[in-house]
Amino acid sequence: MNAPFKAAGLRDPFNAFVCDDDTLELIRVAAADLGWPIEKCNKGGLRNAVQSLSVSASPNILFVDMSESGDPINDINALAEVCEPGTVVIAAGQVNDVRLYRDLLSSGIQDYLLKPLSLDQVRESFTMAQAMLSAPKHADMHDDKPHHMTAVVGVRGGVGASLVSTSLAWVMSEQGGRQTALLDLDVHFGTGALTLDLEPGRGLIDAIDNPSRIDGLFIERAMVRASDKLSLLSAEAPIHQPVMTDGSAFFQLEEELRGAFEMTIVDIPRHVLIPFPHLVQEAGTILLVSDVTLASARDTIRLLSWFKHHVPGARVILAANKYQNAVGELSRKEFESSIERPIDITIPFDPKLVSQAAKLGKSYAEICKGTKGAQAWSSLMRIVIDGADESNEEAAATGKAKPAGGSLLGKLGGLGTLVAKKGAK
Ligand SMILES: Nc1ncnc2c1ncn2[C@@H]1O[C@H](COP(=O)(O)OP(=O)(O)OP(=O)(O)O)[C@@H](O)[C@H]1O
Ligand SMILES: [Mg+2]
């Protein structure tokens with residue numbers, strides 16, 4: 001929410017724009033109870049609010065009466081254009097429709113009160129708004145630590161990139177103690193929310209529909225909380241609708257998450273990555289997830305080369321998932337020699353615990369706690385955190401990110417030549 005032209009000034013604690021005298025009287029009483037200035041309660045409803053806020057600083061808390069609004073969602077969006085980030089907006093109206101209520105909430109409204117209003121109802125809503133304002137913001141909590149973004153990319157479909165994303169996000173938040181955001185860019189088929197047994201909400205879809213609305217407040221409202229240290233932005237977009245985006249919404253989301261979290265894990269499907277390479281431009285770590293098969297060897301080679309071309313300075317980590325010693329399609333040695341670099345970490349094929357995790361609606365890493373499998377997740381977390389610390393130190397010293405990948409190159413083998421040829425294009 002941004003207003004282009006504003007008179008500079010301190011924020012009022014409260015403004016109200018109502019449509020009728022009864023509501024005006026009631027709002028004045030509730031405002032006075034909280035010690036807010038009652039002269040800031042005006043007549044004129046939503047239209048007046050938009051006019052007024054386009055030329056003056058937005059208040060901390062704004063009450064708008066939408067009774068005279070013919071198109072509430074459109075009018076609220078007009079308000080969002082002029083209202084500065086950080087304002088908590090409470091709306092009231094006469095339309096009793098749950099869809100409208102949901103749409104208003106997803107437009108960034110804090111509360112919608114049905115008219116006629118009662119004094120208790122208004123007081124309660126104002127008190128909630130005040131509590132929300134005084135709660136610590138994500139950004140306030142940890143602006144001392146630099147941000148690190150890890151982009152997780154599966155070299156082929158179904159190799160387990162999403163399982164790795166949710167598990168890494170879990171381990172990073174629980175054991176790494178970092179405020180972590182998981183951004184699932186598989187808009188139609190994403191499993192981030194499903195894995196953690198959460199409703200994805202409309203946040204990601206709204207961001208794509210209206211990228212100009214993405215700001216810190218939008219992030220605070222749109223992120224779905226999995227725990228006090230892990231939040232998620234994911235979607236289950238209707239599959240009869242194509243996603244219309246030029247990638248700017250995704251990029252802006254990454255930008256905002258950078259300001260609000262310590263760690264962002266982005267699950268990026270290849271069909272999103274290839275047209276929008278700038279999405280990984282700022283990634284401190286690129287985590288390629290593969291299985292140990294011939295086809296994955298070919299596509300690992302292609303993607304390693306793609307990353308080298310598009311993000312030459314990036315640190316690329318290679319995780320071999322569903323790893324089965326001695327019974328896989330290729331041996332580890334064959335795979336590594338074909339891709340000309342070692343695997344950095346292996347995650348075992350573990351159908352039993354993976355199935356248990358699915359049934360309990362928890363990440364696989366959480367279910368692994370206390371078992372042998374937990375080792376892989378703490379090691380992966382360590383690799384990412386160490387890399388983050390290293391690149392932060394280096395960035396502080398030189399102003400540049402640390403290039404990686406080159407030193408990890410492995411030895412060429414016979415199979416390497418075969419797959420390298422196949423993967424050359
Ligand atoms: N280590 C593992 N052991 C056993 N099963 C696994 C493991 N990793 C992933 N799976 C299973 O493999 C399937 C695919 O995993 P996932 O959805 O994470 O893959 P993906 O690479 O994100 O797929 P997509 O290409 O559809 O995005 C899931 O059923 C998942 O539970
Ligand atoms: Mg996936």
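With 24 C-beta neighbours inside 10 Å, leucine 163 counts as buried, where buried means 20 or more other C-beta atoms within 10 Å of the residue's own, exposed means 12 or fewer, and partly exposed falls in between, with C-beta atoms placed from the backbone. This is a predicted model, in which local features need pLDDT of at least 70 and side-chain atom pairs count only at pLDDT 80 or more, while totals for chains, interfaces and linings use all residues. Residues are numbered from 1 along each chain as its sequence is written, and chains are lettered from A and ligands numbered from 1 in the order in which they are written.

The mean pLDDT (the predictor's confidence in each residue, from 0 to 100) of the protein is 86, and 87% of its residues reach 70 or more. Residues 1-9 have pLDDT below 50, and this stretch has 21 contacts in the model beyond near neighbours in sequence; a contact requires C-beta atoms, placed from the backbone, within 7 Å of each other. Over residues 138-143 the pLDDT also stays under 50, and here the model has 11 contacts beyond four places in sequence.

Leucine 163 belongs to helix α7 (residues 161-174); helices (H or I, at least four residues) and strands (E, at least two) are DSSP runs, numbered from the N terminus. Its C-alpha atom is separated by 10.0 Å from that of valine 289, 126 residues apart along the chain.

In soluble globular proteins, nonpolar side chains tend to be buried together. Leaving aside residues up to four places away in sequence, alanine 319 touches Val164, Leu287, Val289, Asp344, Ile345, Ile347 and Leu380.

In α2 (residues 45-53), the buried residues are Gly45, Leu46, Ala49, Val50 and Leu53. They lie on the same side of α2 because they cover an arc of only 155° around the axis, the arc being that of the directions from the helix axis to the C-beta atoms. Their cover includes β1 (14-18), β3 (61-65) and α3 (72-82). In α3, Pro72, Asp75, Ile76, Leu79, Ala80 and Val82 are buried. Their arc of only 165° around the axis puts them on the same side of α3. Among the elements that cover them are α2, β3, β4 (88-93) and α4 (98-106).

Several backbone details complete the picture. The peptide bond from lysine 115 to proline 116 is cis, with omega near 0°, and proline 116 sits in the loop between β5 (111-114) and α5 (119-134). Aspartate 197, although not a glycine, has a positive phi of about 60°. This aspartate is found in the loop between α8 (192-195) and α9 (203-209) and counts as exposed, with 11 C-beta neighbours inside 10 Å. Lysine 322, also not a glycine, has a positive phi of about 55°. Lysine 322 lies in strand β12 (residues 315-323) and counts as buried, with 22 C-beta neighbours inside 10 Å.

Leucine 198 lies in the loop between α8 and α9 and counts as partly exposed, with 16 C-beta neighbours inside 10 Å. Residues up to four places away in sequence aside, leucine 198 touches Ala193, Val224, Ala226 and Leu232.

Key: Two residues are in contact if their C-beta atoms, placed from the backbone, lie within 7 Å.
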